[in-house]
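Let's take a walk through this model together, starting with a helix and ending in the loops. Keep the structure open beside you as you read.

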Amino acid sequence: MGGAERIAYFNGRFVPEREVLIPFRDRGFKYGDAVFDTTRTFGHRVFKLREHVDRLYRSLRYLRIDPGVPPERMIAITEEVLRRNLEILDPEDDYWVTQRVSRGLDPSARELWPQEGATVIVECVPLPLRERAALYRDGIRVLTPSVRRTPPQSLSPRVKTHNYLNMIAGDLEVRAQDPGAWAILLDTSGSLAEGLGSNIFIVQNGTIFTPREQTVLSGISRETVIALAREAGLTVVENAVDLSDAYTADEVFLTSTSLCICPVASVNGARIGSAVPGPLTRQLTEAYCRFVDFDFVAQYLKRLT
Ligand code: PMP
């Protein structure tokens, strides 16, 4: 580590990461009573920061948490965190950059910790490029665990909270069967929902299908792919997608901030298509690279050698 320790924003100050110490009576720690949002950089340029911060503030409003900081200031803080940390980042690497806001401390904590109001953190960490590189060569193996995605009637999946236990439980089940597989949870009616950090798409006869926004987080990468597909004259249908649709699909892919768009090789062991990536996945990947003016696939694949 030495002199290259990253800097984070913590309740009004920019401090070395090791100095971000959260009291154990913070409700984010106790209950997962917190929200976050994460974007990434492409060649050290931040992606759709405004859209991510807007989604963060929607999550905050849903949970009635007042961050004590307006969105414009959150954007400026995020840019400052990046500015300070990009200096120490390898030119070939990129960051995930995340805002985290918890409701703050329980009243009983006040005598030990004087903090009033929300806990606000903005931090960044290098993307796991090497760990994920093979996914672009081989495609992702998707498994659906028995654990179902929390239904919108219980907690809106549109909100990015710190409580990921539902998806972690699904992931644990899947990784026990295949450590390299990615979990995509079904919803309570048996349709595909989403994974711990990703949205799913399938392609059938040239049409692209993805679960409706009411049942999943509206990923910024998901929205980006939908917009790029429609610009290219392709049809995108947001509707229930079940396992039978997936097993018979020509192509399946996942989207997420870090992956952008990444091909799926199999779903529950059923092989998808004859090539990884399939032709539409490839077309959309190229459109995504042009849109961000950065070849993220090459950035990943470079880590294989
Ligand atoms: N679903 C869930 C549950 C997620 O946590 C994420 C990651 N933010 C996504 C989907 C993908 O969203 P995005 O494209 O904004 O990263």
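**From a helix to the ligand**

Glu 80 and Arg 83 both sit in helix H3 (residues 71–86), three residues apart, which is about one turn of the helix. Helices here are DSSP runs of H or I with at least four residues, strands are runs of E with at least two, and both are numbered from the N terminus. Before going further, please note that this is a predicted model, in which local features need pLDDT of at least 70, side-chain atom pairs count only at pLDDT 80 or more, and totals for chains, interfaces and linings use all residues. Residues are numbered from 1 along each chain as its sequence is written, and side-chain values use heavy atoms, with hydrogens and water left out.

A salt bridge here is a side-chain nitrogen of Lys or Arg within 4 Å of a carboxyl oxygen of Asp or Glu. Glu 80 also pairs with Arg 84 in a salt bridge, again with closest N and O atoms 2.8 Å apart. Arg 84 and Glu 80 are separated by about one helical turn, because they are four residues apart in helix H3. Arg 83 is partly exposed at 47% relative accessibility, and Arg 84 is partly exposed at 33%. For these words, buried means under 20% relative accessible area, exposed over 50%, and partly exposed in between (1.4 Å probe, protein chains only).

How many salt bridges does a search of the whole structure find? The count is 22. Another of them joins the side chains of Glu 194 and Arg 149, at 2.8 Å from N to O. Glu 194 lies in the loop between strand S8 (182–183) and strand S9 (199–204), and Arg 149 in the loop between strand S7 (140–143) and helix H5 (165–177), so the pair ties together parts that are 45 residues apart in sequence. Glu 194 is buried at 4% relative accessible area, and Arg 149 is buried at 8%.

Glu 194 leads us to the ligand. A polar side-chain atom of Glu 194 lies 2.7 Å from one of the ligand's nitrogen atoms. For oxygen atoms of the ligand, there is a polar side-chain atom of Thr 257 at 2.6 Å and a polar backbone atom of Ile 220 at 2.8 Å. The protein buries 96% of the 380 Å² that the ligand exposes when taken alone. Around the ligand are 17 residues, and Glu 194 and Thr 257 are among the closest; a residue counts as near if one of its heavy atoms lies within 4 Å. Helix H2 (49–62) and helix H6 (220–231) each give at least two residues to this shell.

Finally, let's visit some backbone details. The peptide bond from Val 276 to Pro 277 is cis, with omega near -5 degrees, and Pro 277 is in the loop between strand S14 (270–271) and helix H8 (279–292). Asn 11, in the loop between strand S1 (7–10) and strand S2 (13–16), has a positive phi near 45 degrees although not a glycine. Asn 11 is partly exposed at 31% relative accessibility. Asn 205 has a positive phi of about 50 degrees and lies in the loop between S9 and strand S10 (207–210). With a relative accessible area of 73%, Asn 205 is exposed.

Conventions:
A polar contact is a pair of N or O atoms within 3.5 Å; within protein, one must be able to donate a hydrogen and the other to accept it, and residues adjacent in sequence count only if both atoms are side-chain atoms. Accessible areas come from the Shrake-Rupley method with a 1.4 Å probe; for residues, only the protein chains shown count as cover.
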